[in-house]
Amino acid sequence: MLRIAVATSVLAVLAMAGGFTFEIGSPVAAQAPAAKTAAFAFRARGCSEPSKSQITAGAEGIVRGTRRSTVLNVAAMEKPGVYAVFQTWGDEGRWVIVLKGVCGPETAGAIVPIGPKGFIRESAKFFSRPATAAEVDASLKSLVEGGSK
Amino acid sequence: MYKDQVYSIAHYFFHGDSGIAADITQHVFLKLINNVNQFHGDAEFSTWLYRLVVNVCLDATRRHKSEPIAANSNLEAFARPGSQEQDYAKAQAAHIVRKAVSALPVKYRMAILLRYFEGLSYEQMAQALGCSLGTVASRLSRGHRILAERLKGFEGGKL
Amino acid sequence: MRIFNRHVSDRLAAYVEGAIDANLVRRHLAQCERCRAEYADVQKGMAALENLPVVEAPASVWNSIESVLDAPKRPTFNPWKFGFALSSAVIVASFAYWIVMRSGAPWDVDGLSGSPVVGTRHISRAGRVAPGEWIETDARSSARIKIGHIGSVVLAPNTRARVVATRPQENRIALAHGEIHAEISAPPRLFFVDTASGTAVDLGCEYSLYAEEDGSGLMRVTRGWVSFQRNGRESLVPAGASCRTRTHAGPGTPYFDDASDILKRALDTFDETSSLDALGAILSASRVRDTLTLWHLLSRVSAADRGRVYDRIAVLTPVPAGVSRDRVLSLDRETLTRWKDELAWTW
């Protein structure tokens, strides 16, 4: 609970400070029927022109010891800056979703681990830049070793 | 109600032409009344009805060769009575999607409208359209993909 | 493990609608970028269609049908044959009118186990249930009702329900007792379940609803949202949350299933008795995610206690701009909605 409270506060501070950042939530947070079956929703905060932002997502996974990557379609919702990610990665293996965003001169990134019951909010990591390959690998390793619930 | 569903299918199939839609609906129900003794219950009633709808629409297609209606943007026609307070943006969105559906090739257009407005199962659609289950599946897949392609950039509240 | 090595383009609509086995297609999609792009397009096409409303046939359509039927016929030389033909036309016209005007088409029913009963008919594998008909399962039977093209409802054993309406804009069941599991893929507010303690309004979801004869029961949502309403009291229940229902009080206060036992027990007590001790326990035991419960409590506690609930939410998560304490305490609807939309990002 403490970790979630800290994460929430950090996000709020970043957003209030004008930093471009991502925030994730369950599909209902998108307030759109189209997102109902999404793996999770997310929004780009602190972006002055959401319609001009470029948001991409990919799934990085380990399936039976083999590293896998797949590009994901990011679905824009009706509300500007709100998006949904739908599962098109396999059920096997362990996966993290890597978000990247560009808003003018600013960038943002996030790594969202996926568990048996869906996205693992408390293990998600947020950056004011794209996540590095090493950070992605570290998240995956932690997920595989059971470091994330 | 059946009459609204039949009318809706005819309305969107014939590019929003309410005159043709009314003719089609009248034609379908008169045929139904005149041939009701031919319904033996060996197929679901709705399947039998929608086989009629398909045949009547396809016959009319050959007769009318109608062009998509451009000026007849009678947006109030999209609203049910009593919903005049409906958001104009929603009516606009309906108009855009309706035009895209109208521009679909006939076989995809009919499959999509049957599935969307009446919710026939794939088996029922195969009987109504006179084709195989696989053909139903592929027409729906292809039809939706063409629709999405035509609606690229459409942000009318949906994906 | 079998995977579709060939592209699955032609199966994508059936996959989205659950008409085929999902596993093989899903595994292919995980490895095929082209099919993934096409899958997204199929979804977009389906979503776009939600912009098309049913268009009501103008009254002139039926008037013109009637006028054709009423058109004078040339007198025949056999008045008996003429009379017979005329009365047959009246009968078939009445039949057609009934078909046209009744409140919707029957729904398909699959018997999943045992022998469910529809009306007075036992069904083994497949049947139909029309508006107005009851469907009932005993201890050994269960059934699945296909709700038009928008989803399905599974009736668990010992369940009794009536189909109320099967119209495009209103698909409605009344649950007398027992348990159902609904899986709906449609725009919101097209599927409704009435119970003695309130109405569950689908907002795009998958959920289970259990009800006793007196309407008390439990709703558990696994996907999307459900609104449970009675007499102006509404509980919004998102995925991962549940809501008790009580005959005399309607929908209870929703809570997440992973909330602490202390919170759940205290909430149960509060919903029954409005106990201040129970409220205190709820506030103490609440986490960030439990702001779902706390937000609902704002309108269910006395004005004197509302400030405590507001303060607890404000401790757990920053209050967004535009949400003032005064407006919350006065239960300003717009303010509460804005706060809910923000809090939903923590649920």
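Trainee: Is Arg230(C) buried or exposed in this structure, and why?

Mentor: Please note that this is a predicted model. A residue is called buried when 20 or more other C-beta atoms lie within 10 Å of its own. Arg230(C) has 20 C-beta neighbours inside 10 Å, and therefore it counts as buried.

Trainee: In which strand is Arg230(C) found, and which residues does Arg230(C) touch?

Mentor: Arg230(C) belongs to strand S12 of chain C, which covers residues 217-230. Leaving aside residues up to four places away in sequence, Arg230(C) touches Ser197(C), Gly198(C), Thr199(C), Gly250(C) and Pro251(C). The C-alpha atom of Arg230(C) is also separated by 9.1 Å from that of Ala200(C), although these residues are 30 apart along the chain.

Trainee: How many helices and strands does chain C have, and what share of its residues is buried?

Mentor: Chain C contains 11 helices and 16 strands. It has 347 residues, of which 42% count as buried. Among the contacts in chain C with a separation of 6 or more, 40% are between residues 24 or more positions apart.

Trainee: How many residues of chain C are in contact with chain A?

Mentor: On the side of chain C there are 28 residues, in contact with 22 residues of chain A. The elements of chain C that give two or more residues to this side are helix H2 (22-31), helix H3 (33-49), strand S11 (198-211) and S12. H3(C) gives the most, with five residues. By class, the side of chain C that touches chain A has 17 nonpolar, four polar and seven charged residues.

Trainee: Let us turn to chain A. How should I read a strand such as S6(A), and which of its residues lie on each side?

Mentor: In a regular strand, side chains alternate between the two faces of the sheet. In strand S6 of chain A (residues 82-85), Val82(A) and Ala84(A) lie on one side, while Tyr83(A) and Val85(A) lie on the other.

Trainee: Which strands are joined to S6(A), and in which sense do they run, parallel or antiparallel?

Mentor: Strands of a sheet pair through backbone hydrogen bonds, either parallel or antiparallel. Strand S2 of chain A (residues 40-45) is joined to S6(A) by four bridges, and the two run antiparallel. Within this pair, Phe40(A) has Val85(A) as its bridge partner. Strand S5 of chain A (residues 74-76) pairs with S6(A) over three bridges, again in the antiparallel sense. Here Ala76(A) is partnered by Tyr83(A), and Ala75(A) by Ala84(A).

Trainee: How many residues lie between the strands in the hairpin of S5(A) and S6(A)?

Mentor: There are five residues between the strands, and Gly81(A) in this hairpin takes a positive phi near 85°.

Trainee: In what order do the strands of this sheet stand, and which are at the edges?

Mentor: The sheet of chain A is open and has four strands in the order S1-S2-S6-S5, with antiparallel pairing. Strand S1 (21-25) and S5 of chain A are at the edges; each has a single partner strand, so one side of each lacks a neighbour in the sheet. From one strand to the next, the twist averages 30°.

Trainee: What does chain B consist of?

Mentor: Chain B has seven helices and zero strands. Of its 159 residues, 47% count as buried. Among contacts in chain B between residues at least 6 apart in sequence, 67% join residues at least 24 apart.

Trainee: Why does the span of H5(B) agree with what a helix should give?

Mentor: Helix H5 of chain B (residues 106-118) has 13 residues and, at 1.5 Å a residue, should span 18 Å; its end C-alpha atoms are 18 Å apart, so the two values agree. H5(B) is mostly covered, since 11 of its 13 residues are buried. Among the buried residues are Met110(B), Leu113(B) and Phe117(B). After H5(B) comes Gly119(B), with a positive phi near 65°.

Trainee: How does H5(B) pack with H7(B)?

Mentor: Two packed helices are described by the angle between their axes and the distance between the axes. H5(B) and helix H7 of chain B (residues 133-150) pack at about 100°, with axes 8 Å apart. This angle makes H5(B) roughly perpendicular to H7(B). The contact includes Tyr108(B) and Ile112(B) of H5(B), and Leu140(B) and His144(B) of H7(B). By class, this contact has six nonpolar, two polar and four charged residues.

Note on methods. Residues are numbered from 1 along each chain as its sequence is written. Chains are lettered from A and ligands numbered from 1 in the order in which they are written. This is a predicted model: local features need pLDDT of at least 70, side-chain atom pairs count only at pLDDT 80 or more; totals for chains, interfaces and linings use all residues. A residue is buried if 20 or more other C-beta atoms lie within 10 Å of its own, exposed if 12 or fewer, and partly exposed in between; C-beta atoms are placed from the backbone. Two residues are in contact if their C-beta atoms, placed from the backbone, lie within 7 Å. The expected span of a helix is 1.5 Å times one less than its number of residues. Ala, Val, Leu, Ile, Met, Phe, Trp, Tyr, Cys and Pro count as nonpolar, Asp, Glu, Lys and Arg as charged, and the others, Gly among them, as polar. Axes are lines fitted to C-alpha atoms, for helices over the stretch in contact, and angles run from 0 to 180 degrees between N-to-C directions. Angles under 35 degrees count as roughly parallel, over 145 as roughly antiparallel, 65 to 115 as roughly perpendicular and the rest as oblique. Two strands pair if DSSP finds at least two bridges between them.
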